[in-house]
Amino acid sequence: MGRAAGGAGAGTVARPAVPLPAQRSAEPVPRRGTVVVSSMASDAHTWNLVFLQLLIEELGFEVVNLGATVPDEMLLAECRERGPVLLVLSSVNGHGYHEGLRVIRRLRADADLAGLPVLIGGKLGITGGESAEHIAELLDAGFDAVFDDRPEGIAAFTGLLGRLSERQAHELR
């Protein structure tokens, strides 16, 4: 979260580090396809998935949130069944780099899912702020975009989704 405005006493207001999307208008947002949001097998965190779900829904997508500690087989099966326009993987426990490599290799080896656009983000290593080499390795392994845990990552992620239509999702690869 962001820094508190004012002093550290009663009445301080926390400001988010990154601006959130505008409040919903009275008009419904047209749906732009289904996005699957998930953690990976060792990650038991859920708040990040709820945040992503709300953010992605605000941008007009339907979201299937698979939750925490999702085994690889379940993730692949859900993607095959639901036919999403995008898969978003999120890591908070710091194992995103290692688990992400394993998951993306399995996805790219699966004939039904090889062309699915896949993004990964969050705390990719136990120290945070993964090196350019780690990010390049994730991209080379088959991720379409990688967002580490720096604040500008959320802005870049939101910008990418804001430009993405159902047809464009398949053109990411």
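What covers the buried residues of helix 4? The views below take up this point and others in a predicted model.

**View 1. Helix 4 and its cover.** Helix 4 runs over residues 132-141, and its buried residues are Ile 135, Leu 138 and Ala 141. Seen down the helix axis, these buried residues fall within an arc of 125°, so they line one face of helix 4. On the other side of helix 4, Ala 132, Glu 133 and Asp 140 are exposed. The cover over the buried residues includes helix 3 (96-109) and strand 7 (145-147). Gly 142 follows helix 4. The phi of Gly 142 is positive, near 135°.

View 2. Helix 3 has 14 residues, which at 1.5 Å a residue should span 20 Å. Its end C-alpha atoms are 19 Å apart, which agrees. The buried residues of helix 3 are Gly 96, Tyr 97, Glu 99, Gly 100, Leu 101, Val 103, Ile 104, Leu 107 and Arg 108. These buried residues pack against helix 2 (72-82), strand 5 (86-91), strand 6 (118-122) and helix 4.

**View 3. The largest nonpolar core.** This core holds 25 residues. Leu 75, Leu 87, Leu 89, Leu 107, Val 118 and Phe 143 touch the most other members. Two or more residues come from each of helix 2, strand 5, helix 3, strand 6 and helix 4. Helix 3 gives the most, with 5 residues.

**View 4. Leu 75 and its contacts.** Leu 75 is among the residues that touch the most other members of the largest nonpolar core. Residues up to four places away in sequence are not counted here. Beyond them, Leu 75 touches Ser 38, Leu 66, Val 70, Leu 87, Leu 89 and Val 103.

**View 5. Ser 39 in its loop.** Ser 39 lies in the loop between strand 3 (34-38) and helix 1 (47-58). Is Ser 39 buried or exposed? Its relative accessibility is 0%, so Ser 39 counts as buried. The side chain of Ser 39 reaches two backbone oxygens: that of Asp 43 at 3.2 Å, and that of Gly 67 at 3.1 Å. Neighbours within four places in sequence aside, Ser 39 is in contact with Leu 49, Gly 67, Ala 68, Thr 69, Val 70, Leu 89 and Ser 90. Ser 39 and Asn 93 are 54 residues apart in sequence. In space, their C-alpha atoms are 9.9 Å apart.

**View 6. His 45 in the loop between strand 3 and helix 1**. With a relative accessible area of 30%, His 45 is partly exposed. Its side chain makes a polar contact with the side chain of Asp 43, at 2.7 Å. The backbone oxygen of Asp 43 is also reached by the side chain of Ser 39. Leaving aside neighbours within four places in sequence, His 45 is in contact with Ala 68, Val 92 and Asn 93. His 45 and Ser 90 are 45 residues apart in sequence, with 9.3 Å between their C-alpha atoms.

**View 7. Confidence along the chain.** The average pLDDT of the chain is 80, and 75% of the residues score at least 70. Where is confidence lowest, and where is it highest? The lowest confidence is in strand 1 (residues 4-5), at a mean of 36. The highest is in helix 2, at 97. Over residues 1-20 the pLDDT is below 50. Beyond near neighbours in sequence, this stretch has 17 contacts in the model. Where pLDDT is low, the predicted coordinates should not be read in detail.

Note on methods:
Residues are numbered from 1 along each chain as its sequence is written. Side-chain values use heavy atoms; hydrogens and water are left out. Buried means under 20% relative accessible area, exposed over 50%, partly exposed in between (1.4 Å probe, protein chains only). Helices (H or I, at least four residues) and strands (E, at least two) are DSSP runs, numbered from the N terminus. The arc is that of the directions from the helix axis to the C-beta atoms. Contact means heavy atoms within 4.5 Å. A polar contact is a pair of N or O atoms within 3.5 Å; within protein, one must be able to donate a hydrogen and the other to accept it, and residues adjacent in sequence count only if both atoms are side-chain atoms. The expected span of a helix is 1.5 Å times one less than its number of residues. A nonpolar core is a set of buried Ala, Val, Leu, Ile, Met, Phe, Trp, Tyr and Cys residues joined through side-chain atoms within 4.5 Å. pLDDT is the predictor's confidence in each residue, from 0 to 100.
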